[in-house]
Amino acid sequence: MGEQIERADDGTVMALHGDDEVVITRTFAAPAALVFEALTTPELVRRWWAPRSRGTIVSVEIDRRVGGAWRYVMRTHDGHEVGFSGRFLEIDAPTRIVNTEVFDPFPDLPATVTVTLSERDGRTTMTSRSRYPSKEVRDMVVATGMEGGMRESMAQLDAVVTSLR
Amino acid sequence: MIETLRALAEPNRLRIVELLRAGPCAVGAIGEALDLRQPQVSKHLQVLRSAGLVDVRPNAQQRLYALRGEPLEALNAWTEQYRQLWDERFTQLDGVLEDMKRDQKKRKKERRHGRAD
């Protein structure tokens with residue numbers, strides 16, 4: 001009792017929206033205030049952001065204020081360093097974060113990511129909406145990920161994935 | 001991949017693809033079902049064919065258009081890979097949130113004890 005990890009009933013849902021967006025949704029068994037902390041506190045992000053099957057976390061820096069910068073780096077099991085960074089455009093704790101996001105190799109192609117947290121009966125649904133500069137960019141990022149192959153170019157794929165946040 | 005997404009991005013083409021999921025169809029029947037003029041349907045089918053989403057099969061007097069699964073499977077595989085990656089992250093985040101809730105409870109308990117002492 002108590003030691004068991006409470007899992008959300010809903011799985012992770014992902015969808016391509018319109019021409020230039022990707023939307024990801026997940027419900028967590030915790031109040032919005034805790035989810036917000038876990039999403040924006042470096043020591044906490046270090047513990048969940050790098051998927052264990054793929055790699056380990058290298059560094060997490062978060063200057064949690066409007067205009068502040070953030071940067072996450074992970075190392076894949078095959079030795080690639082994968083870095084993402086951006087700036088906070090809006091922060092409205094504990095319900096909304098808007099930030100830019102770029103993948104190191106593509107500094108000119110920033111995505112704008114809007115995360116909203118909606119709490120109900122102690123559970124929180126997170127919706128993360130990533131908007132690319134254009135349909136062409138979204139499709140290019142998508143295609144790059146696909147052609148690169150999942151294993152060989154983890155870095156490229158992660159660009160796409162992390163743009164989803 | 002880009003071609004698949006581009007072909008599907010047009011609403012009427014997406015409707016044609018959805019219609020063809022039920023089975024192969026002739027141009028006329030597609031137009032009727034979706035309330036589109038035949039030249040319009042033909043134009044859309046041309047785009048879907050060059051994206052590899054649709055095949056033509058001669059059948060007696062008419063040509064039937066049928067869906068090809070491969071590009072859709074590739075699209076699905078792509079979204080599934082990313083969905084899984086995020087799902088793994090979020091499962092790890094579930095664990096972090098449980099720890100946070102436990103710490104919070106412990107702190108509350110300690111505060112209560114503090115007052116009692």
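This is a predicted model: local features need pLDDT of at least 70, side-chain atom pairs count only at pLDDT 80 or more; totals for chains, interfaces and linings use all residues.
Local features need pLDDT of at least 70 and side-chain atom pairs pLDDT 80 or more, while totals for chains, interfaces and linings use all residues. Residues are numbered from 1 along each chain as its sequence is written, chains are lettered from A in the order in which they are written, and side-chain values use heavy atoms, without hydrogens and water.

Over all chains the structure holds six aromatic pairs (rings of Phe, Tyr and Trp, the last by its six-membered ring, with centres within 6.5 Å; planes under 30 degrees apart are stacked, over 60 edge-to-face, the rest tilted). A:W49 and A:Y72 are edge-to-face, because their ring centres are 5.1 Å apart and their planes stand at 70°. A:W49 lies in the loop between α2 (42–48) and β3 (55–62) of chain A and A:Y72 in strand β4 (residues 69–76), so the pair ties together parts 23 residues apart in sequence. Helices (H or I, at least four residues) and strands (E, at least two) are DSSP runs, numbered from the N terminus.

A:W49 also pairs edge-to-face with A:F84, at 5.8 Å centre to centre and 75° between the planes. Both A:W49 and A:F84 are buried, that is, under 20% relative accessible area with a 1.4 Å probe, protein chains only. Ring pairs link A:W49, A:W70, A:Y72, A:F84 and A:F103 into a cluster.

The largest pocket is lined by 18 residues (a pocket is an open set of points on a 1 Å grid over the protein atoms alone where a 1.4 Å probe fits, with protein on both sides within 12 Å along at least five of seven lines; lining residues have an atom within 4 Å of a point). Nearest its centre lie A:L16, B:L5, B:L8, B:L14 and B:L75.

Note on methods. Buried means under 20% relative accessible area, exposed over 50%, partly exposed in between (1.4 Å probe, protein chains only).
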